[in-house]
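Reader: I'd like to go through a structure with you. Can you put it up, and we'll take it one question at a time?

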2 protein chains.
Amino acid sequence: MSVPGDAGAAGEARGPAPQVGTAGRILQAALASFAGRGYDSTSLDALAAGLDVRKQTILYWFPSKEALLEAVVDQCASELSTVLEASLHRAGDGWGKVEAVVRSVFRLAARRPEVLGLVRETGRLGPPASTRFLAALGPLVDGASAFLEAEMDAGHLRRHEPRLLLVAIYSTVIGMLTEVEVLRALGEEPTARSLVRRRRELLDLLRSALVASGPEGEP
Amino acid sequence: MSVPGDAGAAGEARGPAPQVGTAGRILQAALASFAGRGYDSTSLDALAAGLDVRKQTILYWFPSKEALLEAVVDQCASELSTVLEASLHRAGDGWGKVEAVVRSVFRLAARRPEVLGLVRETGRLGPPASTRFLAALGPLVDGASAFLEAEMDAGHLRRHEPRLLLVAIYSTVIGMLTEVEVLRALGEEPTARSLVRRRRELLDLLRSALVASGPEGEP
DNA sequence: CGAGCCATCTACCATATGGTAGACAGGCGC
DNA sequence: GCGCCTGTCTACCATATGGTAGATGGCTCG
């Protein structure tokens, strides 16, 4: 039985994770708006209007606008973690693993573009949203960094500073997926076809950048 | 003699470009806040407080908050254009030119980080801010795309789709320069030393990605 | 010296916004 | 059938926000 928003665990709707019913609808609507319009440009009244309820209903399930943001951030971090973990467990060697991760993020973007949009918005918002999000991804990032370093040591990948490499990959992936205005200006409408092209180009670039050519890194 | 904000050319302070005096101070403060906190999170009262004036003074020089944003966008587009044009006119061949452009953007970031911060904010804001900004950079982007294609045709750079390559480079550069929270989470504080490391890593990555190894592209 | 202009301010406006308190209808259990 | 709980609503609050109108002091010019 669902329980309404109240003092308690900060940032959480009461009771079980609200994926269904009104609380679930509120989360989805908030995600879409926070990702698309921005957190500060989203009012509770506007959000409520889109859901055909009053803002008091939102405040019944989430004690404040900030608590709603925290719940949305947690949900996105969870979805992204799940996707990244699944792909990390499947692929084997250096480049294969990087490729698997990038492909899985693009698949997530195809069916849930607002998740990547929210990722980019947390970067802009700064603490505590970004801190919460990055903390949730922390273990994965640490694992990714260690993995990259090991692969570079083994000669499977070109030598780079692993953590800066992760920032570069993150920036490029998020930009290719969410910089809608820049993409449009360069002739790329946000279509499924364009997504395929962008994924191909990005993978080509990353592969050229990461896979050493010659004897020790022949592709 | 300076002229106050009024109906007229939208988005412009009256009279000559206000780089000095109160209007200039307003522009700088607005740039810093729009880039750092975001346009929607910046109130005219807060901006005025920082300048030790009243918001009516801001509205004397710029007819509206949106007009102020337009003026800030124009100024940033101008600064970035100047920097990009200068570097494009100096370097010669394929990779050398790309490197020169990236280095010049990093130099701009070292002394005027808020300019790059505003670039990223315009991407988030969408039209009309992003349209205005991208229109101002349009000729440069067209030239860059044509240049990249010619260098690929000549075998100086690996074959990629030029416009998507520009999006990728843009995303990576802006991310490496402005994703402060992600950088911090990975151990990179926004220091001058870190900027040097980031520039080196980024240039290494781009070089590996763009410069073909082997007979036709030996570096 | 007085008039006019410029740049800043005070006072005020209308609307937006996040949030609180309690009313109310429906459903469920005793 | 009644009492209680849940979930939604109305009414209201205090503050924030972008903007307008006119006051005011200082400066310049005739």
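**Helices across two chains**

Author: Helix 8 of chain A and helix 10 of chain B are roughly perpendicular to each other. Bear in mind that this is a predicted model.

Reader: At what angle do the axes of helix 8 of chain A and helix 10 of chain B cross?

Author: They cross at roughly 65° and come within 10 Å. Angles of 65 to 115 degrees count as roughly perpendicular, so that word is used here.

Reader: Is that crossing left-handed or right-handed?

Author: The crossing of helix 8 of chain A and helix 10 of chain B is right-handed.

Reader: Which residues make the contact?

Author: Helix 8 of chain A brings A:Leu164, A:Leu165 and A:Ala168, and helix 10 of chain B brings B:Arg197, B:Arg198, B:Glu201 and B:Leu205. Of these residues, four are nonpolar, three are charged and none is polar.

Reader: New topic. What rotation superposes chain A on chain B?

Author: A rotation of 180°, with 0.0 Å of shift along its axis, and the RMSD is 0.0 Å. That is the relation of a two-fold axis.

Reader: Which C-alpha of chain A is nearest the axis?

Author: That of A:Ala209, at 2.0 Å from the axis. Both copies use the same surface, as 100% of the contact residues of chain A recur in chain B.

Reader: Why are A:Arg184 and A:Glu181 separated by about one helical turn?

Author: Because they are three residues apart in helix 9 of chain A, residues 180-185.

Methods:
Residues are numbered from 1 along each chain as its sequence is written. Chains are lettered from A and ligands numbered from 1 in the order in which they are written. This is a predicted model: local features need pLDDT of at least 70, side-chain atom pairs count only at pLDDT 80 or more; totals for chains, interfaces and linings use all residues. Side-chain values use heavy atoms; hydrogens and water are left out. Axes are lines fitted to C-alpha atoms, for helices over the stretch in contact, and angles run from 0 to 180 degrees between N-to-C directions. Helices (H or I, at least four residues) and strands (E, at least two) are DSSP runs, numbered from the N terminus. Angles under 35 degrees count as roughly parallel, over 145 as roughly antiparallel, 65 to 115 as roughly perpendicular and the rest as oblique. A crossing is left-handed if the near helix is turned anticlockwise from the far one by less than a right angle, and right-handed if clockwise. Contact means heavy atoms within 4.5 Å. Ala, Val, Leu, Ile, Met, Phe, Trp, Tyr, Cys and Pro count as nonpolar, Asp, Glu, Lys and Arg as charged, and the others, Gly among them, as polar. Copies are superposed by least squares on the C-alpha atoms of residues with pLDDT of at least 70 in both.
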